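Thanks for making time for this. I would like to walk through one model, beginning with the overall fold and ending at a single side chain.

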Amino acid sequence: PWQVRYRLAEEYYAAYGSVTAMASDYKPNGIWLKKWLSEQKQIRMGKRKGKTLSEEQVNQLNAIGMEW
């Protein structure tokens, strides 16, 4: 679920202060977190047909330093 992946990204941000420099092979709990963050960018830019982010999700990602 989205919230589980967000919590992992939030934990990474708390530990390292940024999600933008995350290694592409970083896989907490078997989840490719950098790939997930990239997908969130694509969704927000309208490149994932039928998928959207809520305003709350965008705000959460902004809170951990997501660069759109």
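Read along the sequence, the protein chain follows the pattern α-α-α, with three helices and zero strands, where helices (H or I, at least four residues) and strands (E, at least two) are DSSP runs numbered from the N terminus. Please keep in mind that this is a predicted model, in which local features need pLDDT of at least 70 and side-chain atom pairs count only at pLDDT 80 or more, while totals for chains, interfaces and linings use all residues. Residues are numbered from 1 along each chain as its sequence is written, and side-chain values use heavy atoms, with hydrogens and water left out.

As for overall dimensions, the C-alpha trace of the protein chain spans about 30 × 20 × 20 Å along its principal axes. Of the 68 residues, 31% count as buried, meaning under 20% relative accessible area, with exposed being over 50% and partly exposed in between (1.4 Å probe, protein chains only). Among contacts with a separation of 6 or more, 51% are accounted for by residues 24 or more positions apart, a contact being heavy atoms within 4.5 Å.

Now to the side chain I promised: where does Gln-60 sit? Gln-60 lies in helix H3, which covers residues 55-63, and its relative accessible area is 15%, so Gln-60 is buried. Leaving aside residues up to four places away in sequence, Gln-60 touches Trp-2, Gln-3 and Tyr-6.
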